[in-house]
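Hi,

Here is the structure I promised to pass on.

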Amino acid sequence: LLDAEAAWVLRDDPAQIRIAIARWDEYVGHDPSNAGVLAMLARASYLLAGHLTTEEEILATYDSGASYGERGMATNEAFRACVEGGAKDYKCLDQMTVADIDATYWVYANLGKWSATKGFTYIVKNKSKLKAIADWVQTTDPSYFYGAGDRLLGTYYAKAPAAFGGDMELSLAHFDASLAISPEYLGTKVLQAQYYATKAQDRELFQRLCDEVLAGDPEAIPEIAPELRLEQVKAQSLLDQIDDLF
């Protein structure tokens, strides 16, 4: 585990993320019920995917991340028994505890991005699971991972088509709530620009959000500075596409 943790410290470099994933994956081969390591594998996969450029590899990495997270969720015996009894996994979230929040959150993060990358059909196909997880995270701990629950719901309501539960007013309210909890977490503004502002066709908001991310200080939250630097890269990429998006 020490090798994985040492590589993780250097996660600005995607090669180091791959090393961390390889070491953690080797570890859970010997300790498959280690929910903490499985959650870190899910988180690391999500981060790695943000560095990738080919759709095939991006999809495979998000898929792997979701799988690690689901394995982490299944270490909860009551949840696993519920699923093995025939219920859909997202119908068994009431068996989870706050101790399971890491694995559960990173399932949404990976599955949500995988679905968005695949397109409309997969957003609709996975909407019930994504909504259930987002609700559960927000209810279990609203402040978790810099306002993650509201961030998930803001993203969900923007991505989902209106006929399938999408709601732009609710999306905006949840993004605002997430930013109220953690205004310095740049990823919230990136997601709001990418999903809410584009769907609302609000170019001015899109520009402002991306500019604010680029002007932000990743060291404002030192423990996730590498993640925040990557959010700035994503914001610049979005800005580079602004004339195509609006």
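For the first point you need one definition: a polar contact is a pair of N or O atoms within 3.5 Å, and within protein one of them must be able to donate a hydrogen and the other to accept it. Please keep in mind that this is a predicted model.

With that in hand, look at the start of helix 10, where D167 caps the N-terminal end: one of its side-chain oxygens sits 3.1 Å from the backbone nitrogen of E169. Helix 10 itself runs over residues 168-181, and its 14 residues reach 20 Å from the first C-alpha to the last, close to the 20 Å expected.

Which residues of helix 10 are buried? They are S171, H174, F175, S178 and L179. These cover an arc of only 135° around the axis, so they end up on the same side of helix 10. Their packing partners are helix 9 (144-159) and helix 11 (186-200). E169 and A180, on the other side of helix 10, are exposed.

Now the largest pocket. Its volume is about 680 Å³, and 25 residues line it, with K113, T117, Q194, Y195 and L238 nearest its centre. Helices 4, 6, 9, 11 and 13 each supply at least two residues of that lining.

Most residues other than glycine have a negative phi. Y146, in helix 9, has a phi near 65° and is buried, at 18% relative accessible area. Q201 has a positive phi of about 50°; this residue lies in the loop between helix 11 and helix 12 and is partly exposed, at 46%.

Cheers

Key: Residues numbered from 1 in each chain as written. Predicted model: local features only at pLDDT ≥ 70, side-chain atom pairs only at ≥ 80, totals over all residues. Heavy atoms only, no water. Helix = DSSP H or I, 4+ residues; strand = E, 2+ residues; numbered from the N terminus. Expected span 1.5 Å × (residues − 1). Buried < 20%, exposed > 50% of the residue type's maximum accessible area, 1.4 Å probe, protein only. Arc of directions from axis to C-beta. Contact = heavy atoms within 4.5 Å. 1 Å grid on protein atoms, 1.4 Å probe; cavity = no way out; pocket = protein on both sides within 12 Å on 5 of 7 lines; lining within 4 Å. Points joined across faces, edges and corners; volume = space filled by probe spheres on them.
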